[in-house]
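Reader: I would like to go through this model feature by feature. How should I read its sheet and its core?

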Amino acid sequence: MSIEKVKVYFKKYGMEKNIQEFAVSSATVELAAAALHCAPQRIAKTLSFMVDGHAVLIVAAGDAKIDNHKYKVQFGTKAKMLSPQEVELMVGHAVGGVCPFAVNEGVTVYLDVSLKRFETVFPACGSANSAIELTIPKLEEYSGFVKWVDVCKGYEA
């Protein structure tokens with residue numbers, strides 16, 4: 001199970017006890033916000049794309065949407081989301097629990113600037129009923145991200 005991989009991953013940082021598991025689903029931004037009693041914007045959703053035959057994850061704020069023009073400028077290709085089957089196979093987490101932690105080899109993680117307006121955010125932890133609260137510097141550290149990108153629109157600046 002994917003959440004077990006994430007727990008093992010966070011154990012090396014002494015953070016596994018900070019993972020929250022819910023009796024209800026947190027598989028969407030709205031459900032996660034309800035489970036966490038926080039604003040939907042603070043949910044750090046992880047979106048999965050295909051770039052040059054490789055899986056790419058973009059972690060963005062809950063109220064952000066991919067801007068196709070910005071995405072194409074950044075990655076040199078049209079935004080093509082992975083299918084649920086591709087996500088599980090290539091990333092190592094199922095849709096609803098996709099996160100930037102304990103992902104498969106060769107997956108590249110980017111953080112979108114839409115997250116920078118928050119002190120802390122809540123990414124999932126590998127299951128459709130889990131999350132962890134992290135500061136932005138801790139998200140940077142634990143996600144193993146490559147760089148910050150600006151590929152979203154529609155969020156409150």
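Reader: In β9, which residue is the bridge partner of Asp-112?

Author: Strands of a sheet pair through backbone hydrogen bonds, either parallel or antiparallel. In this predicted model, Asp-112 has Val-149 of β9 as its bridge partner. The two strands involved, β5 (residues 108-112) and β9, run parallel and share 3 bridges.

Reader: What packs on the sheet, touching β5 and β9?

Author: Helix α3, residues 68-75, does. Besides those two strands it touches β2 (43-51) and β3 (54-61), and its direction is at about 60° to that of β2.

Reader: In what order do the 6 strands form the open sheet?

Author: The order is β8-β6-β2-β3-β5-β9, with mixed pairing.

Reader: Now the core. Which residues of the largest nonpolar core touch the most other members?

Author: In soluble globular proteins, nonpolar side chains tend to be buried together. Here the largest such core has 48 residues, and those touching the most other members are Phe-10, Ile-58, Ile-66, Phe-101 and Leu-115. Elements that each supply at least two residues include α1 (2-11), α4 (84-91) and α5 (136-143). Strand β3 gives the most, 7 residues.

Reader: Leaving aside neighbours within four places in sequence, what is Phe-10 in contact with?

Author: Its contacts are Met-15, Glu-16, Ile-19, Phe-101, Cys-125, Ile-132 and Tyr-142.

Technical notes: Residues are numbered from 1 along each chain as its sequence is written. This is a predicted model: local features need pLDDT of at least 70, side-chain atom pairs count only at pLDDT 80 or more; totals for chains, interfaces and linings use all residues. Side-chain values use heavy atoms; hydrogens and water are left out. Two strands pair if DSSP finds at least two bridges between them. Helices (H or I, at least four residues) and strands (E, at least two) are DSSP runs, numbered from the N terminus. Contact means heavy atoms within 4.5 Å. Axes are lines fitted to C-alpha atoms, for helices over the stretch in contact, and angles run from 0 to 180 degrees between N-to-C directions. A nonpolar core is a set of buried Ala, Val, Leu, Ile, Met, Phe, Trp, Tyr and Cys residues joined through side-chain atoms within 4.5 Å. Buried means under 20% relative accessible area, exposed over 50%, partly exposed in between (1.4 Å probe, protein chains only).
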